[in-house]
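Me: I'm new to this structure, and I'd like a close look at just one part of it. Could you walk me through the salt bridges and what surrounds them?

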Amino acid sequence: DIGPMDLEEIWVAVIGAAPEAVSGVVEISIEAPAEMEAATVTVKIDGRFRCITNVTPYRYRWDTEHLEPGEHIIEIEVIDERGRVAGRKRVSAIVAQESNP
């Protein structure tokens with residue numbers, strides 16, 4: 001029996017954000033290994049459930065506008081076709097302080 005997949009096999013990117021900080025509405029893009037095509041992906045941010053999808057490409061539109069500035073943890077869980085956790089990935093993103101014009 002195979003345990004949860006190596007975390008390096010799951011890729012997470014925040015699209016539409018500067019590399020140093022996230023602000024506004026951005027897209028979280030998740031890439032799982034090809035053998036996980038029938039997978040379901042869940043997204044949690046700061047421990048709170050945000051999204052579940054089984055449609056590739058795995059994407060979630062994240063509105064950071066009302067979040068506190070600072071570090072936020074994005075947790076991804078890949079669930080196989082049998083309902084077992086195949087892999088997990090945790091990444092952090094820094095939400096930028098809104099600048100007033």
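**The salt bridges**

Reply: There are four salt bridges in this structure, a salt bridge being a side-chain nitrogen of Lys or Arg within 4 Å of a carboxyl oxygen of Asp or Glu. Before the details: this is a predicted model, where local features need pLDDT of at least 70 and side-chain atom pairs count only at pLDDT 80 or more, while totals for chains, interfaces and linings use all residues. Residues are numbered from 1 along each chain as its sequence is written, and side-chain values use heavy atoms, with hydrogens and water left out.

Let's start with E27 and R59, whose side chains meet in a salt bridge at 2.8 Å, N to O. E27 sits in strand β2 and R59 in strand β5, so this pair ties together parts that are 32 residues apart in sequence. (Strands are DSSP runs of E, at least two residues, and they're numbered from the N terminus.) E27 is partly exposed at 22% relative accessible area, and R59 is partly exposed too, at 37%. Here buried means under 20% relative accessible area, exposed means over 50%, and partly exposed is in between, using a 1.4 Å probe and protein chains only.

Those two strands are also partners: β2 and β5 pair in the antiparallel sense over six bridges, where pairing takes at least two DSSP bridges between the strands. Within this pairing, I28 stands opposite Y60 in β5.

Next up is R88 with E77, where the closest N and O atoms are 3.0 Å apart. This pair links distant parts of the chain, with R88 in strand β7 and E77 in strand β6, eleven residues apart. R88 counts as partly exposed at 43% relative accessibility, and E77 is partly exposed at 23%.

Then there's D80 with R84, their closest N and O atoms 3.2 Å apart. D80 counts as buried, at 11% relative accessibility, whereas R84 is partly exposed at 33%.

Finally, a word on the nonpolar side of things. The largest nonpolar core has 21 residues, and I30, V43, W62, I74 and V78 touch the most other members. Such a core is a set of buried Ala, Val, Leu, Ile, Met, Phe, Trp, Tyr and Cys residues joined through side-chain atoms within 4.5 Å.

How values were computed:
Helix = DSSP H or I, 4+ residues; strand = E, 2+ residues; numbered from the N terminus.
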